[in-house]
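Hello,

Here is the structure I promised to pass on to you. Please have a look at it first, and then read my notes below.

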Amino acid sequence: MCDLVLKLEHVTKKFGPFKAVNDLSITIPEKEMFGFLGANGAGKTTTFRMILGLLDSSAGRITWDDQPIDYSTSHLVGYLPEERGLYPKLKVRDQIVYLARLRGMQKTEALIELKSWLERFKILEYENKKVEELSKGNQQKIQFIAAVVHKPKLLILDEPFSGLDPINVEMLKEAVLTLKENGATIVFSSHRMEHVEEMCEHLCILHKGSPVVSGSLKEIKREFGKKNLVIHADFSLDSLKSFPGVVKSKVTMEGIHLQIEGEDVAGKILKEIVDKGFIRKFALEEPSLNDIFIEKVGNSYE
Amino acid sequence: MNSFWIILFHTYLNKLKTKSFLVTTLLTIVIVLAITNINNIIDLFDKNGGKERVIVIDQSGQLYEPYKQQVKSVNKEIQLTFFKGSEEQAETLVKKGEYAGVIQLSVNEQKLPEAIYKAKSIADSSLYTDLQTGLQQFKTTLAASQINLAPDQLQKLYAPASFKKIALEKNAKTEEELNQARGLVYVLLFVIYFAVIMYANMIAMEVATEKSSRVMEILISSVSPIKQMFAKIVGIGLLSLTQLAAFLLVGYYSFTRNMESIKEGFFGVYGFGGIPAGTIVYAVIFFILGYFLYATLAAFLGSLVSRIEDVQQMITPMTLLVVAGFMIAMFGLGKPDAPFITATSYIPFFTPMIMFLRVGMLTLPAWEAILGIIILVVTISILAIFGARVYRGGVLMYGKSNSYKDIKKALQLTKKE
């Protein structure tokens with residue numbers, strides 16, 4: 001095991017009678033990217049606030065490197081809150097330097113770091129502007145810089161990519177990946193499945209405070225078992241909807257998308273349709289995180 | 001550098017640099033200068049060097065000289081001129097503005113003087129009052145001589161009865177000391193009152209601004225709320241001391257320069273001659289404690305609101321407390337030993353002003369003042385512990401409602417259950 005493991009053990013948070021987080025146990029190894037998925041109000045932000053020590057957990061333990069996270073470790077932790085917030089009247093430079101110094105950084109060091117980040121995001125000209133004069137996307141970049149300027153070992157990003165255009169999302173993603181390569185442990189939440197799927201080795205899907213799925217991405221997909229089958233053909237495939245082993249189906253313009261119980265079902269289907277006419281596409285695909293999410297979270301809705 | 005100091009100086013320097021702060025400070029300094037130079041300013045506007053010229057018409061020709069003597073004894077600045085022309089001529093001179101007024105002296109049936117005073121307007125009451133007083137005195141002497149009263153007999157009649165006030169208590173303040181103390185306490189009470197309202201407001205605004213701009217969440221993930229709250233309170237406290245120091249320096253400098261002319265005016269009544277050092281020390285102590293008391297209260301009230309617009313509403317009860325304390329203190333200036341004042345001086349929120357009033361005006365045993373200080377320190381500690389908990393929860397709470405129920409909610413947020 002690595003040194004700097006972030007461990008959540010049976011963490012529960014109650015607000016009065018309401019359970020915001022229920023018996024959550026996760027281990028996040030060092031230099032890993034960990035994704036939190038969940039619908040709105042699933043308990044992601046509450047979990048982050050507990051990790052940061054802003055809220056006390058009602059039960060359970062949160063440790064990092066076997067130590068509780070508190071203000072003595074604040075220089076090692078970076079946080080990008082979901083609700084973006086900076087001093088609107090303060091210049092970017094003063095702002096970042098102030099926040100960096102609160103995280104135990106020296107002023108000169110913070111300035112150098114700030115410059116390199118601004119350059120990276122191509123917004124060097126905003127250094128002496130007030131935050132309220134910047135566009136929302138640029139404000140978000142500044143917010144991101146505020147979270148990472150002191151080179152944290154543990155970085156918590158709450159919905160880092162929301163509200164950004166695709167170019168900026170790519171830019172930010174790249175930055176996050178560089179940080180990870182430099183040895184930071186990164187925990188982030190999103191309701192965009194593709195971001196988590198693309199970037200995280202481990203993830204956890206929260207639903208109404210309870211972890212529905214948790215583990216490594218590959219394992220989750222394997223355990224899920226079900227596969228996606230895409231068939232494009234010139235003849236009607238409607239009969240496949242009721243084929244044994246088919247869980248879900250969706251008719252498209254060119255053919256049909258099926259969710260099947262396992263690989264063997266795909267073989268049987270192929271045998272069934274191979275004589276019926278011309279098949280232009282027959283592809284067996286791994287289930288997407290989206291499918292897993294909808295299945296797991298959707299099920300408990302019912 | 002410790003994060004406490006970083007926040008402290010950040011708060012201090014940022015507030016110091018704001019335009020509103022600089023403007024308020026400058027304006028107040030101008031007012032201080034104006035008050036301490038009030039005599040010079042009044043003189044500046046007096047064209048005739050303060051002399052008022054009045055025409056006297058006296059048909060008998062015997063009243064002018066003795067009347068002039070009497071008026072001179074009342075006010076040296078009034079210059080009387082004997083006028084030989086007609087009434088109309090005199091009136092035109094007054095209308096032209098060459099003279100302030102015309103007074104027509106005559107003798108009635110009882111051989112006593114009477115007068116008709118004419119001026120452009122009779123708004124300048126100080127002038128005709130002086131003229132009237134002069135005439136009154138003149139009449140008294142005339143009447144006295146009519147009934148054969150010698151001047152020394154007259155003096156006997158009018159001499160005031162001797163009335164000495166002596167306090168029996170040991171170390172009790174003498175009349176003169178009491179007047180001195182009243183002036184000083186009066187001014188210091190004002191300083192405490194305004195400072196507490198102004199700076200407590202500033203703190204509540206500061207906290208609410210940070211919260212509404214949502215920068216708070218980053219701040220509290222970096223630095224503990226308690227540290228933050230106190231760094232802010234001390235930072236603004238430092239700001240208040242800076243501002244007060246500026247006022248005091250300017251005031252003191254200008255005051256000592258104009259010492260001579262001021263002595264006769266308002267300040268003469270409330271002599272500032274020998275300011276007792278003890279009163280100043282107590283003023284500083286109670287000022288600082290009072291500031292901390294209300295600042296802590298303001299900080300945690302500020303942490304409960306989500307929008308800046310709601311700050312005023314939230315701290316209104318606190319402001320009313322300060323106003324109530326001030327009102328009681330004003331009443332107490334005239335009757336500092338009333339039991340009511342004694343009782344309220346032990347109520348924490350009133351202590352800074354009322355205990356200070358008592359210390360300044362009465363001769364209190366040291367333990368009473370110390371007890372007041374202890375009460376304040378204990379209350380501040382309780383408020384700080386309680387406030388820090390509310391603050392911690394409050395800054396994470398965003399909602400529409402902003403009532404005192406939120407205190408309960410905020411406390412619940414910090415609890416484990």
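**The two chains**

Of the 417 residues in chain B, 32% are buried. Please keep in mind while reading that this is a predicted model. Chain B is built from 18 helices and 4 strands. When its contacts between residues at least 6 apart in sequence are counted, 77% join residues at least 24 apart.

Chain A has 302 residues, and buried ones make up 39% of them. Here there are 9 helices and 13 strands. Of the contacts in chain A with a separation of 6 or more, 70% are between residues 24 or more positions apart. The C-alpha trace of chain A spans about 75 × 45 × 35 Å along its principal axes. The domain assignment divides chain A into domain 1, residues 6-221, and domain 2, residues 226-286. The C-alpha centres of these two domains of chain A lie 41 Å apart.

**The sheet in chain A**

The part I would open next is an open sheet of 6 strands in chain A, with mixed pairing and the order β5-β6-β7-β3-β8-β9. Because β5 (77-80) and β9 (210-216) of chain A each have a single partner strand, they stand at the edges, and one side of each is left without a neighbour in the sheet. On average, neighbouring strands are turned by 15 degrees against each other, direction ignored.

One residue pair to look for is A:Val77, whose bridge partner in β6(A) is A:Leu154. Helix α1 of chain A (residues 44-51) packs on the sheet, where it touches β3 (33-38), β6, β7 (185-190) and β8 (202-207) of chain A. The direction of α1(A) makes about 155 degrees with that of β6(A). Helix α4 of chain A (residues 136-148) lies across β5 and β6 of chain A and runs at about 160 degrees to β5(A).

And how many residues of β3(A) are buried? The count is 6 of the 6, so β3(A) is largely enclosed by the rest of the structure. A:Met33, A:Gly35 and A:Leu37 point one way from the strand, while A:Phe34, A:Phe36 and A:Gly38 point the other way. β3(A) runs parallel to β7(A), joined by 5 bridges, and the partner of A:Phe36 in β7(A) is A:Ser189. With β8(A), β3(A) also pairs in the parallel sense over 5 bridges; in β8(A), A:Gly38 has A:Leu206 as its bridge partner.

**Cores and the contact between chains**

The largest nonpolar core holds 141 residues, and those touching the most other members are A:Ile96, A:Ile186, B:Ile203, B:Ala204, B:Ala295, B:Ala298 and B:Ala299. Leaving aside neighbours within four places in sequence, B:Ala204 is in contact with B:Ala298, B:Ala299, B:Leu301, B:Gly302, B:Val311 and B:Ile315. A second, separate core has 18 residues, including B:Val56, B:Ala90, B:Ala115 and B:Leu131.

Lastly, the contact between the chains takes 20 residues from chain B and 23 residues from chain A. On the side of chain B that touches chain A, the elements giving two or more residues are α1 (3-17), α9 (216-222) and α18 (405-414) of chain B. The largest share of that side, 6 residues, comes from α9(B).

Best wishes, and happy browsing

Key. Residues numbered from 1 in each chain as written. Chains lettered and ligands numbered in written order. Predicted model: local features only at pLDDT ≥ 70, side-chain atom pairs only at ≥ 80, totals over all residues. Pairing = 2+ DSSP bridges. Axes fitted to C-alpha atoms, helices over the stretch in contact; angles between N-to-C directions. Contact = placed C-beta atoms within 7 Å. Core = buried A, V, L, I, M, F, W, Y, C linked by C-beta atoms within 7 Å. Buried ≥ 20, exposed ≤ 12 C-beta atoms within 10 Å, placed from the backbone. Domains from an automatic or database assignment.
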